[in-house]
Amino acid sequence: MDLQKVERVYTSYAGVYDAIFGKVFHEGRESAIRNLNVQPDERILEVGVGTGIALPMYPRHCQIVAIDFSEGMLEIAKKRLAEHRMDHVTLHRMDAGAMEFQDDSFDTVVAAYVVTAVPDYRKVVSEMIRVCRPGGRIIMLNHFSNENKVVAAVEKVLSPLTKHLGWRTDLSLNTVLEDTDLHVARKQNVNPLRFWSLVECVNLKNGTEVPHKNGSVHHNGTTVYTHSAPALSAGPTNEEALA
Ligand SMILES: C[S@@+](CC[C@H](N)C(=O)[O-])C[C@H]1O[C@@H](n2cnc3c(N)ncnc32)[C@H](O)[C@@H]1O
């Protein structure tokens, strides 16, 4: 799927996207944002923001920049911004695989249901790492191909079909993380059937060290990120700390 097809497919969905994918994916978005523990003035980038359905869930004391390539999706997001008077959010039409931001521009980068919907996940993940500061967080919420070999085989067969709908089903988390500077701090299964994963990574680029499990990452002397310690130490059974 190339960028023009992404634009066509998602713009054609835009009017009905929230009705189809709103409730069913809500739990994942909510968990992702609830666990962020957003600090005052934290700089957050939402990649592939779509209709902006998750934007009202963030606290207003942060600064959010949100990008998407689909004009149709952005139109709905613009209306949502006006409706909720979200002055702390700015929207841009931009290719997530070639972002126009400077290196280290953000403390936190969020990509909800995006890495399997983009033409080239490698470019997008590498761009997310570039624009996120060392020690910052990169949150991916997505369906990744199953570790069960039988289910993974079915997903592989389905993928050429789902590509026409705007996403693939055959991408594994290991493949996405391969050769990156990302350290998985927390992984939680979410949404119906627990088929989707919320993966919280720390950006270890430029030799940044792995943070303590229940500790925090410091930046310029300020604690800007606190791990969800309870989830790591005594989380529900569907949570899996990989750190
Ligand atoms: C499945 S939707 C997810 C929307 C939203 N994040 C949510 O939680 O529902 C995927 C979004 O990624 C956008 N997208 C796909 N490829 C992109 C790219 N290269 N650059 C920017 N946005 C892209 C699509 O336009 C679409 O809005």
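Q: Which residues are the closest to the ligand?
A: In this predicted model, local features need pLDDT of at least 70, side-chain atom pairs count only at pLDDT 80 or more, and totals for chains, interfaces and linings use all residues. Residues are numbered from 1 along each chain as its sequence is written. The ligand is surrounded by 25 residues, where a residue is near a molecule if its C-beta atom, placed from the backbone, lies within 6 Å of it. The closest of them are Tyr10, Gly48, Gly50, Ser70 and Ala96.

Q: Which element gives the most residues to the shell around the ligand?
A: Helices (H or I, at least four residues) and strands (E, at least two) are DSSP runs, numbered from the N terminus. At least two residues of the shell come from each of α1 and β2 (63-68). The element that gives the most, with 4 residues, is α1.

Q: How many residues of the shell around the ligand are nonpolar, by class?
A: Ala, Val, Leu, Ile, Met, Phe, Trp, Tyr, Cys and Pro count as nonpolar, Asp, Glu, Lys and Arg as charged, and the others, Gly among them, as polar. By these classes the shell has 4 polar and 3 charged residues, while the number of nonpolar ones is 18.

Q: At what angle do helix α1 and helix α3 pack?
A: On the side of α1 (residues 3-21), Glu7, Tyr10, Thr11, Ala14 and Tyr17 meet Glu71, Gly72, Met73, Glu75 and Ile76 in α3, a contact being two C-beta atoms, placed from the backbone, within 7 Å. The residues of this contact divide into 5 nonpolar, 2 polar and 3 charged. Axes are lines fitted to C-alpha atoms, for helices over the stretch in contact, and angles run from 0 to 180 degrees between N-to-C directions. With their axes 6 Å apart, α1 and α3 (residues 71-83) pack at an angle of about 35°.

Q: Why is Phe21 described as partly exposed rather than buried or exposed?
A: Phe21 has its place in helix α1. A residue is buried if 20 or more other C-beta atoms, placed from the backbone, lie within 10 Å of its own, exposed if 12 or fewer, and partly exposed in between. Phe21 is therefore partly exposed, because the number of other C-beta atoms within 10 Å is 15.
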